[in-house]
Structure formats: structure tokens, C-alpha cells
Amino acid sequence: MTHVDTPTTEPELLVVEARPEEVAGLSAAAIAWVAAGGPVQSIALHGAAVAWSPGRAAILVAAERVEAVRAAVLEFCRHDRDLRAIEADVAAGWPDIEADAPLAFEFRDRDMDRRAGLGERFRRSVALRARLARLAPHLDRPPLHPPTLASQVGERLRERGRLAERAGFLDGQLAVHERVYDLCGQRASDWAIARRSRGLEWAIVVLLAVETVLILVDLLAAGGT
Amino acid sequence: MRTWRVAIVGGGPGGLMTAHAVLRDARAPVELTIYEASERLGGKVLTGSFDRLPARYEAGAAEFYDYSAVGPDPLRELVEDLGLPIVRMGGAALVSGDRMVANVDDIRDTLGAEAADALVEFDRAARDAVGPRDFYRGDVAATTMPAGARFDVALARIAHPAARRYVEQLVHSDLATEPARTSLAYGLDNYLMNDPSYLRLYAIEGGNERLIAGLDARIRATRRLRHRVGRIDAGAKGRLRVTASHAGRDDREEYDFVVVALPVEHLKTIEFGGAGLAGALRRHVAHHDHPAHYLRITILFDRPFWRPGLHDSFCMLDRFGGCCLYDESVRDAGATHGALGWLLGGDAAVELGRLADEDLVAAALDSLPGFLAHGRRHVLEGRVHRWPGAVSAMPGGLVRLPVDRCHQPEPVEHPGLFLVGDYLFDSTLNGVLDSAEHVAGWITDLTATRLEAVA
């Protein structure tokens, strides 16, 4: 039996109920169907086969194990999609990082109007970090023992999709983003404080000058009498 | 400054690891001599090769245990330090009859729902008894298990006979003995090591013997191959005298420290001089003498005909009381040939070990499940390696002795004599490294302390 699910937020999913001895013969057609969604990866494991691409996935498995394996594949696809979204957002942030990085070393008056943008990009980095932190426990969780076919398929997909390694790379990239914006924020803050201090210093100078003039006037007036 | 003379008897992994650690940590000049009875170093770590094709296989230790997810793993660190690339190993399936039983779903289908429930119940009891941290520390037997408890008692508690047989077959080749002849703790350890939360398996790409070559390259020592040590006794000025035979002649030399890094079976072949030392070694051997046996049959095929039927780097077969079937070709990236390795353990290894090599190769081919029987057409060459008494069926003994006492059998009159072996810890290469590091640290401390005393 074959059916195709096309949920709005999940990849297109082709599920083929097949006995273990039928799986090998049907795999090629399933892989060809999945290839329309992007580069294909496939696994064959203990009488089941799974192929997936960023847009499509196919499962060939015995009827009684369809539901469990389908859940495992959908879970993997969801995590893979979330990870791809974070990867895309982090990648999109690099031009800003390159443009903003000099402000981590030197901040001037003319840069003051960029403070709001820096703050916004820092908040964006923290939000990406939060998304990754919520996802990470699902990517590197301990294997189930004794395993079920669905747990084995899920583990093999996570291994093949290199989810844990990719999360590790993202962690490193986000650390760079946070460091740059943390330093930029410190420089901007130092600059603002320095500018306020300078104004205060001038005010004190003026007050001291006025006081000196008043004292002089007072002294001159006293000398005259 | 005084140069300390150290002899290491046994050029296997224990001897080389001790030599490496002594030289690495030495705070005083050390002159090392390694005695090895055979013509090669490495002992149970042996990577073989075939004649028909340039293909390798593991003839001895098949894989290493990676504990690094739980705690520090000195062997993994040593492998990294030597710059050796690794390949992950794994497998969850047992071929029962002609069916692959790879997970609980398969167990339910093949053995029935009651067997699956009994297995899950046993699994929970096993992990309640030994958690990953207990497994890593290896001290659970001493703290929580009844003294003298053996593994067959735990197996007998599995309510369903098919589930019991499944567990027996799953662990049989790792135990290398029968459940009645090993401890409860060791049996549970060998069951639980199938769970990646407890440990992961790896091999060294290009052959496990690269570990031996890496150690050998780092060791500055005199190597005496084909020197069989026959006697160790007291020498002059508190030294120890080692008598080794080579080419029909006996050589005698005296050393400040002697480390005997041999399996219990080989320890029995050395004569220890003096009533105190001889008695101590007799007691040591009696306590640790629980021999376990391996037999390895490896067959080269013109192609890996078992794929994609077998997916992992190994699976278990229900033949020979339960044996492990390795896909040896996964160890070499890009290999076009195929090699399968059968690892038999326990009584089957002893009984079948008496057969001729060609009969063993035939028996191995006969043991292939029906869906792989066509593999006979692809056979190129077969190799057999027998490892009788090579490991311990009950590492540490039924009641574990204090670690120092195991390593220094006679501290009063012969404080310079030490023993190193995997049987003192857990019958693994990780265990032999722990043992080697323990003794090397001890020798390093003694040489430093005596130097300070002299100064």
C-alpha cells in the first residue's frame, strides 16, 4: 500500500508498506521520487529503507511498523529542518558581523547612530542561541536500549544527517557572533559614558571658572573699600 | 646518577604499555629490557593478512572499548596521542535460524510477545544493578552484588526460555566462557556493553596492530625476541635475576625491577625461586586461574556478498553456542573484497579448536544463515587463529583482591617484582592499560623515592 502525505510544515512523505524481501526491489523507485526534493541520502536497515532529501522523504517498511518508523522519520525531518533554518540565519548574519567587527575595537561619535542596529543584531544572536539550545537535547540524546526498529532508524538518520556535529559547528559560530556584539556593546557603552563624562567635566570647569571670577570680583570689591 | 634496570617479561600489549608508561613518567634514568618468547611483539593484538589479496583482518583483539562518554578513557587518549585514526564499530542484530533479530520489534515477531517482555524485564534489572558510572568504575561487584554470585543464576531468572537463550547467545562470544563459569558482574557487564550509553566500540583504521607499532616506535629499550623466561629469583643486593633461554642457551641478568606482563596461562610456565615468592605466585595463579578461550576463523571472499543483508560491522549468530560474525572489510575504507570473521568463545572454541583449519573453515561456512548460503561460491581463502586461555573468564577472581596486592605478589622479600595483566581488571585492553599505568606509576615513585633517600 502506498500513500503520500503533504503536510504544510513537513516534507512530502511517501510511505510504502513492504515486506523485508520486497524492500530492496522498491528502493530505487523511492530514491528517484525523493530526488525531486534535493540531494538524496538513503539507509537500508533491518528490513526497512528510508530515503530523504530536504523536501521529500520515503519510507519502505512492513505494515505493522509503519507508524513508529514514520514518527521517527518525521521527527528527524523536523529537527533537520529546524537546524537548517538556524544554519541559514547564522550564515545570513556573517556580512553584518564583518561590517560590525571594527566597532568591537574602536567606536566614535559618528558610529552612535548604529547603536540601535548593533543591539538588534545582538538580540538576534541570542535568539538564535536560544533556538539552538532548545533543539540540541533532541539531536544528541542517548540511544534507546533495547532498541526498536524506529529508534534504530532515528539514530541512523541522526548519524547520517550529522545533526550533533552540525549543532556543534553552529555553537562555535554563534559564540563568534555573541563575542563580536558583546564587544561592540561594550565599546558603544564606554563611548557613551566617556561622552557624558566629558560634558560633566566641562560643566565643572565652567562652574569653577564662574566661581573664580566671582571670588576675584569679591576680592577686588573688598580691596576698593 | 644511578640508572635503574627494569625488565619486562612479555612483549604483548601489557608489556609495551608498561614500558611506554615507565619511560614517559621516569624521573630517573631507566634502562629497559623487554623479553618476548615469540618472534613478534603485540600478543593478542594481531592484524593478519591474506595471501590472495592485499586484505587485512583482525586475528586477535577485534575492537577497543570507548568509555570517553562516561569518564576519562586512557586507552582512547593513547590512541589519539599516537595519531591513529579510528573506525566506529557497532551491531545490534542476532541471526536466529534464518531470521535477523535486530530490535525489540523483531524479538516480538520471532520469539513472541512474552519473550520480548521477559527480555525487557531482564534488561531493566541489569541496568538497575549496574549503571553506566558503575560499569565505568568496575567496582559494582564489590559493593552491591552477593559475594560469589555467578552469571548463570541471573540467566535462570529470565522467565522465558527463548529470551534466556537470546541473551546467552548475545553475550557468549564476548564472555569467552560459559555463564556458570563467570561472575554475575562480568556477565552483566558483557550484556550491558551492547548499549551505547555504557560504551562504544572502535577499531583502528588500517589494523589494530598499529597500536603496537605506535607504542614500539616510542619505546627506547632492548628487545629480546625469542627469549623465553624460565625462572625469576632473588639476585644480589635485593635485585631480581631473570633467566631466559634463547637458541638453546640460558642467559641470566639482574634487574632492580621485573614486571611480568603475561596471561595467567603463561605465568604458570615460569619458575619463581624461593619459597616465599613461589608460594605467593602459586596463590596468585590459583586466585586468577579462570581461563577463557577464543577461536577466530576468517574467510576472504571475492566480494562482500552479505550486503545489504547485514548492515553493521558485526552481528551475532546463534551457532556455536552464540558467536560473533565480523564484517572485517568495514575496517578498510574503500575495500572491494569481503572478509568475514567468526569469533567463537568458551567451550565451542576449545572443542572446535581441535579440528583442522580446513574443517573449521567449512564449519564456519556451514554456519551462515540460509539467506547468505550462496557465499560459498565467493570463497578465496580461510585463516584460523586459536587463542586458548588467552583471557580470563572471571577477571579479578570471584572475590576481588586489593589492587596493590594483585600487582605486587610478594612485597616483603621481592618488592621489585610486579605483575601486569588484563585479568587483574576487566579482561580488556582498557584493563591492561590500567594495570600497566598502575605498575609504571609505582615503579616511578619507588625510583624517585629511593633517589631522594640516597641524596
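# Reading a predicted two-chain model

Q: Between which two strands of chain B does Arg226(B) lie?
A: Arg226(B) sits in the loop that joins strand 10 (222-225) to strand 11 (228-234) of chain B. Please keep in mind throughout that this is a predicted model.

Q: How does Ala176(B) read by the count within 10 Å, buried or exposed?
A: Ala176(B) is buried, because 26 other C-beta atoms lie within 10 Å. Ala176(B) has a positive phi as well, of about 65 degrees, although it is not a glycine, and its place is the loop between helix 8 (161-175) and helix 9 (184-192) of chain B.

Q: Which peptide bond of chain A is cis?
A: The bond from His145(A) to Pro146(A) is cis, with omega near -5 degrees, and Pro146(A) belongs to the loop between helix 3 and helix 4 of chain A.

Q: How should I read the span and the bend of helix 2 of chain A?
A: For the span, one sets the distance between the end C-alpha atoms against the length expected at 1.5 Å a residue. Helix 2 (residues 66-100) of chain A, with 35 residues, reaches 51 Å, close to the expected 51 Å.

Q: Against which elements do the buried residues of helix 2 of chain A pack?
A: The buried residues of helix 2 include Val66(A), Phe76(A), His79(A), Leu83(A) and Asp100(A). The partners of the buried residues are strand 2 (12-17), strand 4, strand 5 (56-61), helix 3 (115-139), helix 4 and helix 5 (163-224) of chain A.

Q: How is chain A divided into domains, and how many residues are in contact between them?
A: The domain assignment gives domain 1 (1-61) and domain 2 (78-209) of chain A, whose C-alpha centres lie 37 Å apart. Eight residues of domain 1 are in contact with eight residues of domain 2. On the domain 1 side, strand 3 (41-45) and strand 4 (48-52) give two or more residues, and strand 3 supplies the largest share, three residues.

Q: Where are the C-alpha centres of the domains of chain B relative to each other, and how many residues does each domain give to the contact?
A: In chain B, domain 1 (4-44 + 208-289 + 398-454) and domain 2 (47-205 + 291-392) have C-alpha centres 30 Å apart, and the contact takes 24 residues from domain 1 and 27 residues from domain 2. By class, the side of domain 1 that touches domain 2 has nine nonpolar, six polar and nine charged residues.

Q: Which residues have the most contacts inside the largest nonpolar core?
A: The largest nonpolar core has 140 residues, and the residues with the most contacts inside it are Val6(B), Ile8(B), Val9(B), Val258(B) and Val259(B). This core draws at least three residues from each of domain 1 and domain 2 of chain B. Leaving aside residues up to four places away in sequence, Val258(B) touches Ala7(B), Val9(B), Ile232(B), Leu240(B), Val242(B), Gly416(B) and Leu417(B). A second, separate core of 28 residues includes Leu13(A), Ala30(A), Ala51(A) and Ala58(A).

Note on methods. Residues are numbered from 1 along each chain as its sequence is written. Chains are lettered from A and ligands numbered from 1 in the order in which they are written. This is a predicted model: local features need pLDDT of at least 70, side-chain atom pairs count only at pLDDT 80 or more; totals for chains, interfaces and linings use all residues. Domain bounds come from an automatic or database domain assignment. Two residues are in contact if their C-beta atoms, placed from the backbone, lie within 7 Å. Helices (H or I, at least four residues) and strands (E, at least two) are DSSP runs, numbered from the N terminus. A nonpolar core is a set of buried Ala, Val, Leu, Ile, Met, Phe, Trp, Tyr and Cys residues joined through C-beta atoms within 7 Å. A residue is buried if 20 or more other C-beta atoms lie within 10 Å of its own, exposed if 12 or fewer, and partly exposed in between; C-beta atoms are placed from the backbone. The expected span of a helix is 1.5 Å times one less than its number of residues. Ala, Val, Leu, Ile, Met, Phe, Trp, Tyr, Cys and Pro count as nonpolar, Asp, Glu, Lys and Arg as charged, and the others, Gly among them, as polar.
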